[in-house]
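Please open the structure in a viewer and keep the sequence beside it. This tour says what to select at each stop and what is found there.

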Amino acid sequence: MKSTLPFIGALALALASAVSGAEAPVPAKIEFNRDVRPIFSDKCFFCHGTDKSHRDSGRRLDLPDGPDGAYANKDDVIAIKPGDLAGSDAWARITSDDKDDVMPPPKSHKTLSAAEKNIIQRWIEQGAKYQKHWSFEPPQRAPLPEVKDKAWVRNPIDAFVLAGLEKAGLQPAPEADRRTLARRLALDLTGLPPTPEEVEAFVKDDAPDAYEKLVAMFMARPQWGEHRGRYWLDAARYGDTHGIHIDNYVEMWPYRDWVIAAFNRNLPFDQFTVEQIAGDLLPNPTRDQLIATGFHRCNITTSEGGTIDEENLAMYANDRVTTTSWVWLGLTANCAACHDHKFDPITQKDFYSMAAYFRNTTQPAKDGNVRDTKPVIYLPSAADEKRFAAVPADIAAARTQLGERRPEAGKESAQWLASAKPEQVEISSAAVEVKLPLDEGAGVEVRGESNGSDVDFKSTGPIEWRDGGKFGKAPAFTNGAHFDLGDLAGFDADQPFSAGAWVNVPPDFKGGAIVARMDDRAALQGWELFIEGNKFGAQIAAAKPANALRVVSKSPTVRPGKWQHVLVTYDGSGSSSGFRLFLDGRTQLVVAQGTALKGSARADVPLRIGQRETKSKFEGGQVQDVRVYLRELSTGEARSLPDEHNLRAAFAVAPEKRTPAQKASLLNFYVDNLDGPSIELAFRIEALENEKTAIEERSTVSGIQQDKPGAPMANILMRGAYDKLGDEVTPAGFSALHPTPPDAPKNRLGLADWLVAPNNPLTARVTVNRYWQELFGTGIVRTSEDFGSQGELPSNPELLDWLAVEFRESGWNVKKFFTLLVTSATYRQAATSTPEKQEKDPQNHLLSRGPRFRMDAEMIRDYALAVSGELSLKMGGPGTKPYQPSNIWEVVGLGGARYTQDTGENLYRRTVYDFWKRESPPPNMEAFNAPSRETCTVRRERTDTPIQALVTLDDPQFVEAARRLAQSTLKECGDPSAVIAKMAERVLLRPLSPAETTVLTRTETDIEKQFAADPDGAKAFLSVGDSKADPNLPAPRLAALAIVANQLLNLDETLNK
Amino acid sequence: MNCNSHLFANLPAETRLALTRRQLFAHGRNVLGAAALGSLLGGSWSRALGDAAPDRPALPHFPPKAKRVIYLHMVGGPSQMDLYDYKPEMVKMYDKDLPDSVRNGQRLTGMTSGQARFPIAPSKFTFSQAGQCGLWMNTELLPWTAKCVDDMAFIRSMHTDAINHEPAITEMQTGAMVAGRPCIGSWLSYGLGSMNANLPTFVVLVAKPSNSEQVQAISGKLWSAGFLPGEHAGVSFRSAGDPILFIGNSPGVTPGMRRRELDGLKELNEMAYQSVGDPETHTRIQQYEMAFRMQSSVPELTDLTQESARTYELYGEEARKPGSFANSVLMARRLSERGVRFVQIYHNNWDHHSNVGGRMPDQCRDVDQPTHALIQDLKERGMFEDTLVIWGGEFGRTIYSQGGLTHTNYGRDHHPRCFSMWMAGGGAKGGAIYGETDDFSYNVVKDPVHVHDFHATVLNLLGIDHERFTYKAQGLDYKLTGVEPATVVKGLIA
């Protein structure tokens, strides 16, 4: 307790000051923005502000003039009469004792304190001068303030800071020592600690520009981009999954890598903005500019079956407006989604005018639970690049030839049709095992055909016949009812066959058997055509030994709510490559999931439509026109099969009476099945399309933005409801800010230009404030997402404005700006505090000392990896999956996704590359306030909890790092005391004090004794993590040193920047 | 007397201080570092600090009836007309179409919007009256629950805004359909703070249903702190491995070694404090000590071998099976006993688009006896009066069948316009039956209770005026109960 005594004094002082602070003397000269606006905003604007729909008595207190303004005379009442307290109705109401009269009214649960009333009183007395909200006025460079200690000032930042300190009667802290500075700089510029060698070199470097050289060195490293990019990725809400409902993988990492590269090539912030908001609309956009537009593809999306498309699209646009507004403007526009903003001059019309920029996207309302929700850019590997570029032209050429062949084929087909017999103009009924239309429309009995004879079948339960079938009413399989076809299609894997049907499934369909002769009571035995998730597939299986030939479509192809024709053909080869899958007559790429079959696949169960023998029910799905052939249909037949009904009807009509569609059907049949040159061209096109799809499938993709043709527009959504459309609006920036130039493009490019326009009062301020926050822990405006009237005022407005102008006028040069910040005397201060500073500047708002705060989650993990020597500096690529406790993903989503931990290098990559599942982010990162990335975050929480201690003490990542630090140092040094000194140098980047050495050595000695007595314990501890401990080192000693390393990694000093 | 202090009244003084400081520093308000902080500042500390950082509100606003909550969420939306909303008239309406006048423009989900007919499916289960209150309920599948209806307040007139799972469950737990808002457990953790020194304030258990025919997605946002400080997020308790992530010492590390390590750490951190003077350093020391206490107390918490034969008689043998609903409920009781303020249990597979007949018995078997056991057990331990137990899903289901209909089997689609929930203990009015729906259990005809009204009522039982319980974020004073007026349902309060 003794050690805390000096602070009891500080405590009492702080307490006194805090209490007196609550009743601080009212300043002599009242300023509206500084003194009055916060009171009005909090207590009055809700009813007397910008929202006209919610404005009581029509009176505004946010504006002086205009018919509703505070000065206006309305029915002989003036709310605020400058200089005349008695003539100001607002004052009378504020001070009224009558509960029906008093403002704010009791039902608002808001009251004005005596101090607040005093401020309002003096303001009215002094003339009630209004000011525009500070952040809506363009920033201006104020003249540098006069300071006493001129020698301290290294650059203009320091003049502004020092003026504030001198006014408060405080001294800046002395400059931090060189080791501290080197560590702080490395962490701030690269997110990683420096090496002891780098620190030593800096300590010894007596060149006058030693510090500037160090800054330049760190800034030149590619880790600079990783570190700066990480902050931006919070704002961009970057993640690796869709975010809502099933939360599957979505491929966006090229965007993440683009962000990192953009910082590394020091892309000016205005260009950085334009490319992300509208890179696709630039002339001849580069691949990188398209990838950049991923910014607004990082919003969370859903594919939940029952959701309503318009609702989803409204939600996506809402997120994009909200995010744009937080990130660039520091305005909480989200409030204006349902009504005019109550505190800031953002109308509901403004909100939807900005939404209009985002509303004509080609992006679907449901993400399909796939990695490549359109629109995407394909990024083929180097090996594929050439072909991927060439194939579209090849396809187009072959298509042209096919088109050119058509007139000739048409002539020939007319001749052929003149003499053709009806059975020649349909798929040959040779070897028809099952032909079952399922178009009865009622009842439980259905009639089909097998080998030329009619056969009747019955369903196993009541069948619901629904309108909207492919052919009349179609049966839906519900509550387990299905069709049992008896002993048909019972063959083995040496039998060529084809099986197909029209199918239609409901949203959220999980899968089931379409047609199956499959015994599933033990292992699978038989064959089937099925849906699994959103893919079609087929298999032939043998139970003994359990194995199968199995293929499923490579991409998700099942479209709920639509009739689709699916057909599988098989050549009897006993190989999975013998399968071909057709969808609506088109071949599909398949993935083989079982490639060899041993044993017989013949099944001793009936053929069923709508389920296997007992399971895999086609619940809720519909099926019509089931076919099973005991032969492999040709490609032409497969193409014609979905059109067969039309063909038959067309042929039956006299040639001169055929409609154009009927003529086309017949010609297609001829071209697909009988015309040699066309068949050859079709084959070529198919091969080329398959090649293209195959390249797309194996390429990396990244979500991009793309507009539909036509001018963007949106409707105001009344109360934010997707189905309550109000007036139509065209794209525009917020009306209370600088105007959107009339000639600006009416698309996102116009928005981007508006955001970075020189007369935008907010973008530069908001951006420099975020950068400041990255280094100093707190922004000059603490509420970095809200520069509106509910946000906090800047702690140093002149400094903020000076920085904003400086940044913009430097050409939005990010590296130059950070250089300015870190070379200031303000930044270079020691973090040491004093009781006086704790009293006068408890939050360090005045910057009376250097920044010291707990590092972000990613930095803490990277720090441990770096000092242990494990860290891989490999950059980019798909999200990595380092250590994670089991069953983290399983409890969320639909429980289907499993976390498959990486091995080797990927366990030790930088955390910015961690795979980010939004419904379940890495728990060791979440513990340290890493956001879920479901929504935009421009300011992280920074809290301290016991869970954090558990992570850095016991997470295998940290335990392994500690062991590897201990191991490499032990090999280097041998003697425990030397090892401890060396490890501490690595972690703390400074020599230990004798007192510290004593504590650490005692820990080592005690614990080594305990491990020596428990060799199994030592062994168990040393086996944490994938890497192996060196068996040649004495286990108890290594284990004890690893505990010491763990202790070092858990020091407050280590965890703080 | 400090309005917060009664929460800590039963804790040792040292713990009380630690907690106060923890809460104080939770917002990074590093004003003061001295140990005697709590007692020095007395009643108005949260205001006295006066920084713009969001303050802990002065709570509760009035004497609470409930001190803690156990919330049993049935994921997927249980069918109200098959459990608590008895509709005998429907038997005559079997397979008849739902009248348009009843549907009255209700939008449909994508699941049934293509359906040609909306044939009425009466419940296949046996209903009878239970308890003194005479509630008509499914006594066939809920015989145990039927024994304690006089302890429960039933709401048959719940309604919500969302018609699909993700937005509906998000609204039920956070008051809003969109991501990013704090859930109810986080609001209470923020508002009322902790009642113990060794365990989290808000714990989540995801129970495994015995039938998993059609489970629905749940996500971490259901226990997220949203814009509230991160320490108010729910801590997910796991049935396998460490109950709390990272709670176990690394293999081979004994508690003695850990103590040794922490002692050293404390000494070293104290030295750092002496040289730098950053009060946050003391917060960190405290967090490590609290982590150690958590590590020490969790094994005792999860050791069910201490439970008596009586416990398993009450909860059933299923309670021995880690991760089962019975086991989760028993764990919830143990957590509540040890001062955890809010325990949330999720039980899945209530999304009965098909096969109500086949699945409902499994669902009810999972929850029936354990629910009864929980109420009895709380009573026997004298905790029922101040523990609020909540049961319910995120929406109801349609009277018409989704898919084929027989007398014994049918499916039901989502339905937002009415559904049933109940509350027990903690000031809920035993035997109350609140609200009515029409004969089709399709529309509320009396005393509607919106999700926000429900939240307002829960907060009221915990001594909180929902109108005054706000948090400033993103430029707004957010409330759990949203911007539209919400009402405390007096009829549910004893």
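**Chain A as a whole**

Select chain A: of its 1057 residues, 59% count as buried, where buried means under 20% relative accessible area, exposed means over 50% and partly exposed lies in between (1.4 Å probe, protein chains only). This is a predicted model, in which local features need pLDDT of at least 70 and side-chain atom pairs count only at pLDDT 80 or more, while totals for chains, interfaces and linings use all residues. Residues are numbered from 1 along each chain as its sequence is written, chains are lettered from A and ligands numbered from 1 in the order in which they are written, and side-chain values use heavy atoms, with hydrogens and water left out.

Colour chain A by secondary structure to see 34 helices and 23 strands. Helices (H or I, at least four residues) and strands (E, at least two) are DSSP runs, numbered from the N terminus. Along the principal axes, the C-alpha atoms of chain A fill a box of roughly 110 × 90 × 55 Å. Among contacts in chain A (heavy atoms within 4.5 Å) between residues at least 6 apart in sequence, 69% join residues at least 24 apart.

**A loop residue**

Select A365(A), in the loop between α15 (348-359) and β3 (376-379) of chain A. Is A365(A) buried or exposed? Its relative accessibility is 9%, so A365(A) counts as buried. Now show what surrounds it: leaving aside neighbours within four places in sequence, A365(A) is in contact with T302(A), D309(A), N312(A), L313(A) and Y316(A).

**Aromatic rings**

Over all chains, a search of the whole structure finds 63 aromatic pairs. Rings of Phe, Tyr and Trp (its six-membered ring) pair if their centres lie within 6.5 Å; planes under 30 degrees apart count as stacked, over 60 as edge-to-face and the rest as tilted.

Select F509(A) and F618(A): the ring centres are 5.0 Å apart and the planes at 70 degrees, so this pair is edge-to-face. The two residues are 109 apart and link distant parts of the chain, with F509(A) in the loop between β10 (497-504) and β11 (511-519) and F618(A) in the loop between β19 (607-609) and β20 (622-629) of chain A. F509(A) is buried at 11% relative accessibility, and F618(A) is buried at 0%.

Next select Y570(A) and F579(A), whose ring centres are 5.0 Å apart with planes at 40 degrees, so the pair is tilted. Y570(A) is buried, with a relative accessible area of 0%, and F579(A) counts as buried at 4%.

**Charges over rings**

A charge sits over a ring if NZ of Lys or CZ of Arg is within 6 Å of the ring centre and within 35 degrees of the ring normal. In chain A, R230(A) lies over the face of Y231(A), 4.5 Å from the ring centre. In chain B, select R259(B), which lies over the face of F292(B) at 4.7 Å from the ring centre.

**Where chains A and B meet**

Show both chains. The contact takes 106 residues from chain A and 109 residues from chain B. Between these chains there are 10 salt bridges, each a side-chain nitrogen of Lys or Arg within 4 Å of a carboxyl oxygen of Asp or Glu. Select D1052(A) and R284(B), whose side chains meet in a salt bridge (2.4 Å, N to O). End at helix α31 (residues 994-1012) of chain A, which gives 10 residues, the largest share of the side of chain A that touches chain B.
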